[in-house]
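Have a look at the structure first, then go through the points with it open.

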There are 2 protein chains.
Amino acid sequence: MEGIARQRILPLETLSRLPVYRQKLRQLREDGVDTVSSLELAKQLGVGDAQLRRDLSYLRLLGRPGRGYGVRHLEEGITRALGLDRRWPLAIVGCGSLGTALARYEGYARDNLVVTAIFDIDPAKVGKKVRSVTVSHIDEAPRVIAETGVELAVIAVPSSAAQHVADAMVRAGVTALLNFAPVALAVPAGVIVRQMDISAELQILAHLKIVENG
Amino acid sequence: MEGIARQRILPLETLSRLPVYRQKLRQLREDGVDTVSSLELAKQLGVGDAQLRRDLSYLRLLGRPGRGYGVRHLEEGITRALGLDRRWPLAIVGCGSLGTALARYEGYARDNLVVTAIFDIDPAKVGKKVRSVTVSHIDEAPRVIAETGVELAVIAVPSSAAQHVADAMVRAGVTALLNFAPVALAVPAGVIVRQMDISAELQILAHLKIVENG
DNA sequence: GACTGTGAATGACTTCACAGCG
DNA sequence: CGCTGTGAAGTCATTCACAGTC
């Protein structure tokens, strides 16, 4: 059933910690630190030192016993592992207040992520500009996505439209989706979906508050 | 070292699936479905049926062998487990485009989450209204939070301010934070933090695209 | 016959703990 | 010495598989 075994080089948990490591390492570099021990770095990140060393060993990022790790070395290694040593054109679908906020966000650049397309279904919004990107109608997606080489799409539309948008993106050739709508998307095998659900996170917090505190 | 053993009734993984289950169950109920088998529900959610049954068994939510589970029964049970059978006043800190978008979001209501306070540090924004909530200055947080009974806060400020905001919230008595800034917050024990990092998610997608596809 | 609920098996990730290097 | 890198052990979550119920 599962065809050729897919090489999963990295535990998914490790992968999801890498951006956090990377962010802290950049900060250390900017502060002029050039060597750091796993103990020190782990403490600053709030993770275990053994876990940190294990994670780095998956990436074959070595330190020097007795000395620690090179900050720059780690930062570059993680950047490469994440694939951020090249540009990633990005589409944002949905130009409501959330979509617009996501399109306006300035932090993508340092991760080599570039918003190159914005879509909406409302003709009144088409033509509007957000940070030098012109909003296109969703029907133009196949053309615009082909032209700009978009490979990642962020879905910021109402729940009722999310599945349609996902279908449209997949048809247009996008195989990685970040979905803000609180619905489980159905997508063909090979398409990667990650969910970002604000309400869900708040619900989790509510539960934790009840069990941890009063 | 660990004081009184803290009852962790639920695996964290289970907990984070509950909002997803809940959402699908509401949808089924609205569609008039009143009984569903673990197999059917699991298929619609894209999870394993054994996992679903196990998760429900943690909550002592029973089905009828040969019949399935009562949709309404499950929905209510999960709502109760998440603590959403009462109102949760919510604060949003940061009234930039992301903060405003989060404050404007209409989906909180069905989860019993209510935005009752919005804060910003910019005096020019204080007094502005978003969805009938007036923006307060962050310095007013202790008073406003006490008055409105806020227990959850969403941090939507620039990275450079996030730690200060977290400190201020904790001082004002908030013990559960949802942080959109891409920094690891340091908080006292007992304060719960959950991270929502858009860039991090996109970085993960980028990596997965590389290893899964070309 | 259809489906649940759950021990037992498996698998995945984390942590320990220490040999070995600089 | 200090600190890494990693087998081995431990912990936690998922999946199997089936006895038991409706």
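1. Across the interface of chain B and chain A, 14 residue pairs are in polar contact, both residues of each pair being at pLDDT 80 or more. A polar contact here is a pair of N or O atoms within 3.5 Å; within protein, one must be able to donate a hydrogen and the other to accept it, and residues adjacent in sequence count only if both atoms are side-chain atoms. α8(B) gives the most to the side of chain B that touches chain A, with 15 residues. By class, that side has 35 nonpolar, 11 polar and 12 charged residues (Ala, Val, Leu, Ile, Met, Phe, Trp, Tyr, Cys and Pro count as nonpolar, Asp, Glu, Lys and Arg as charged, and the others, Gly among them, as polar).

2. A word on ground rules: this is a predicted model, where local features need pLDDT of at least 70, side-chain atom pairs count only at pLDDT 80 or more, and totals for chains, interfaces and linings use all residues. Residues are numbered from 1 along each chain as its sequence is written, chains are lettered from A and ligands numbered from 1 in the order in which they are written, and side-chain values use heavy atoms, with hydrogens and water left out.

3. Back to the two chains: 58 residues of chain B are in contact with 58 residues of chain A, contact meaning heavy atoms within 4.5 Å. About 5600 Å² is buried between them, with carbon and sulfur atoms giving 68%; buried area is the accessible area (1.4 Å probe) that two parts lose on being put together, summed over both.

4. How many salt bridges are there between chain B and chain A? The count is four, a salt bridge being a side-chain nitrogen of Lys or Arg within 4 Å of a carboxyl oxygen of Asp or Glu. One to click on joins the side chains of Glu151(A) and Lys209(B), at 3.6 Å from N to O.

5. Now DNA strand D. On the bases, the side chain of Arg54(B) has an N or O atom 2.8 Å from a base oxygen, and the side chain of Arg53(B) has one 3.3 Å from a base nitrogen. α3(B) provides the largest share of the surface near DNA strand D, four residues. Helices (H or I, at least four residues) and strands (E, at least two) are DSSP runs, numbered from the N terminus.

6. For DNA strand C, 61% of the atoms within 4 Å of the protein belong to sugar or phosphate and the rest to bases.

7. β8(B) and β9(B) pair in the parallel sense over four bridges (two strands pair if DSSP finds at least two bridges between them), and Leu178(B) stands opposite Arg194(B) in β9(B).

How values were computed: Near = heavy atom within 4 Å.
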